[in-house]
Amino acid sequence: MDALLRRAAQRTPNATALIFFGAKTSYAELDRSVDRFAHQLRAMGVAKGDRVSLHLPTSPAFVIAFMGAMRAGAIVVPMNPLYVEREVGELLTQTSPKVTVSMDLLLPRLERVRSEGHGTPGRYVLTGIQDSLPIPIRWLYPLKAKREGRWNPVAHTEPTPTLFRLLHEAPAGRFESAAAPDDPALLQPTGGTTGLPKCATLTHRNLVANATQVAAWFPRVGGDDEQVRILCPLPLFHIYGLTVDMNFAMLVSGALILVPRFDPEMVLKALPKYRPQLFPGAPIMYQTLAHHPEVSRYDLSSIDACISGAAPLPPDVQRDFEQVTGGRVVEGYGLTEASPVTHCNPVHGERRNGTIGLPFPSTDARVVDPETGAAMPVGEVGELVVRGPQVMSGYWEQPDETAATIRDGWLHTGDMAQMSADGFFTIVDRAKDLVIVGGLNVYPREVEEVLMSHP
């Protein structure tokens, strides 16, 4: 997986890889930082197959830690920084990380988890959001954080080394990747189809395959000499943002504009300043921006294409965002167990509103009877099953859950769908959310669409 970055650094060393509040990192600089972190992880005793957990927001620190752990041959476990202690403890117990890279503000929570015996984070590497900020914002940030009661930096010591000090002190030599294509790369937390906490095991091949599929789906943006710029307000600790933003950017040597959280004003200011062509997001993001009272003050015309995921895309949200940007918004579909994208509407060409579009390249999909597994006739509702190079190898150390979800090579999504005669798929609802009223099947999405139509 880290080879995507290595190739980008060799191909376009001086091109911008990351933009974070105006601070720019080139591909050559990012590749050197990843080498340095891989060296430090090896010095901390991290061997191939060991786990490294990340408790970080969307930031340069996440990219460096993620790619550095990959290069060292470790398996990354990204966790939502908002997880409560119970959730953190469950995942730490399942994955047993040797090293945890975390925001300094989260250290007290991790220490409580450790002291109460709910899981161990292993050794710490800490960082603060201020570490990635450009001067003079880096100087001003502590003043604002102190006023808001969020300033609690941790000193660089042997028990709590800081990420960027480690990078400064690390050997500068090239670190050759220890991973093979079919090695586990990522343990992505998911509730799966049952709601039980578990981790989808995604290999290096899974992640590279899905990034390549995303690249094949997007149109060529700009001229031959123009670098693709991608706006990223999505969380990188979630597989959607990780694949369609970070991994895709590395594959095409794109500039990734990192926004630590979705803040409408922050995003509106970033759009005219950095002029991204691509903006993968969620419907609530497009809806919030399109209806923002100050939206007319900002030039959003750079947007060419948006893949909308994580929730159904209401037609009025699609229409309103396209009117304010002039770009195209298309609905896609995926799930953590598939790295995650399996379907999408064509970005240019015919799209079908209300559908999730067509299967990605090299992806098979069909609708089956959820009880018998028999293929359903065209137009009939059944469970959506998929197979392709992006489908996980299984759930981490949960063979029974794996066997129940992947059968005869097909990933059972738990989503009820129907397929049109020309291959467009529509999600009807979650199989588990089916309500039977008076002997009739009622899907919550149908109820939600009626509610959404009310002014």
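**Notes on a predicted chain**

1. Helix 12 ends at a glycine. Gly326 follows this helix and has a positive phi, near 80°. Keep in mind that the model is predicted.

2. Is Thr325 buried or exposed? Thr325 counts as buried because its relative accessibility is 6%, and the cut-off for buried is under 20%. Beyond its neighbours within four places in sequence, Thr325 is in contact with Leu300, Ser301 and Ile303. Ser302 is 23 residues away from Thr325 in sequence, yet their C-alpha atoms are 7.5 Å apart in space.

3. Now take helix 12 as a whole. Helix 12 covers residues 315-325, and its buried residues are Val317, Gln318, Asp320, Phe321, Glu322 and Thr325. Which elements cover them? Among them are helix 11 (283-290), strand 11 (305-308) and strand 12 (328-334).

4. The peptide bond between Ser339 and Pro340 is cis, with omega about 5°. Most peptide bonds are trans, and most residues other than glycine have a negative phi.

5. Phe21 is not a glycine, but its phi is positive, near 50°. Phe21 lies in the loop between strand 1 (16-20) and strand 2 (23-26). With 33% relative accessibility, Phe21 is partly exposed. Ser96 is the other case to look at: its phi is also positive, about 45°, and Ser96 is not a glycine.

6. The largest nonpolar core has 114 residues, and Phe66 and Met246 touch the most other members. Which helix gives the most to this core? Helix 3 (residues 60-71) does, with nine residues. Apart from neighbours within four places in sequence, Phe66 is in contact with Leu54, Val76, Leu186, Leu242, Met246 and Asn247. A second core is separate and has 15 residues, including Ile75, Val77, Tyr124 and Leu187. In soluble globular proteins, nonpolar side chains tend to be buried together.

7. Pro189 is worth a look. Pro189 sits in strand 7 (residues 184-190). Pro189 is buried, since its relative accessible area is 12%, below the 20% cut-off. Setting aside neighbours within four places in sequence, Pro189 is in contact with Pro78, Tyr83, Leu91, Lys198, Cys199 and Thr336. Tyr240 is 51 residues from Pro189 along the chain, and 12 Å separates their C-alpha atoms.

8. Step back to the whole chain. How many helices and strands are there? The chain has 14 helices and 22 strands. Its C-alpha atoms fill a box of roughly 65 × 55 × 45 Å along the principal axes. The radius of gyration is 22 Å; a compact globule of 455 residues would have one near 23 Å, so the two agree.

9. Of the 455 residues, 55% count as buried. Take the contacts between residues at least 6 apart in sequence: 69% of these join residues at least 24 apart. The accessible surface is about 19000 Å², and 54% of this area belongs to carbon and sulfur atoms. The chain has 42 positive and 49 negative charges, and their mean positions are 8 Å apart.

Methods:
Residues are numbered from 1 along each chain as its sequence is written. This is a predicted model: local features need pLDDT of at least 70, side-chain atom pairs count only at pLDDT 80 or more; totals for chains, interfaces and linings use all residues. Side-chain values use heavy atoms; hydrogens and water are left out. A nonpolar core is a set of buried Ala, Val, Leu, Ile, Met, Phe, Trp, Tyr and Cys residues joined through side-chain atoms within 4.5 Å. Buried means under 20% relative accessible area, exposed over 50%, partly exposed in between (1.4 Å probe, protein chains only). Helices (H or I, at least four residues) and strands (E, at least two) are DSSP runs, numbered from the N terminus. Contact means heavy atoms within 4.5 Å. The radius of gyration is taken over C-alpha atoms; the globule rule is 2.2 Å times the number of residues to the power 0.38. Accessible areas come from the Shrake-Rupley method with a 1.4 Å probe; for residues, only the protein chains shown count as cover. Lys and Arg count as positive and Asp and Glu as negative; His and the chain ends are not counted. The place of a charge is taken as NZ of Lys, CZ of Arg, CG of Asp or CD of Glu.
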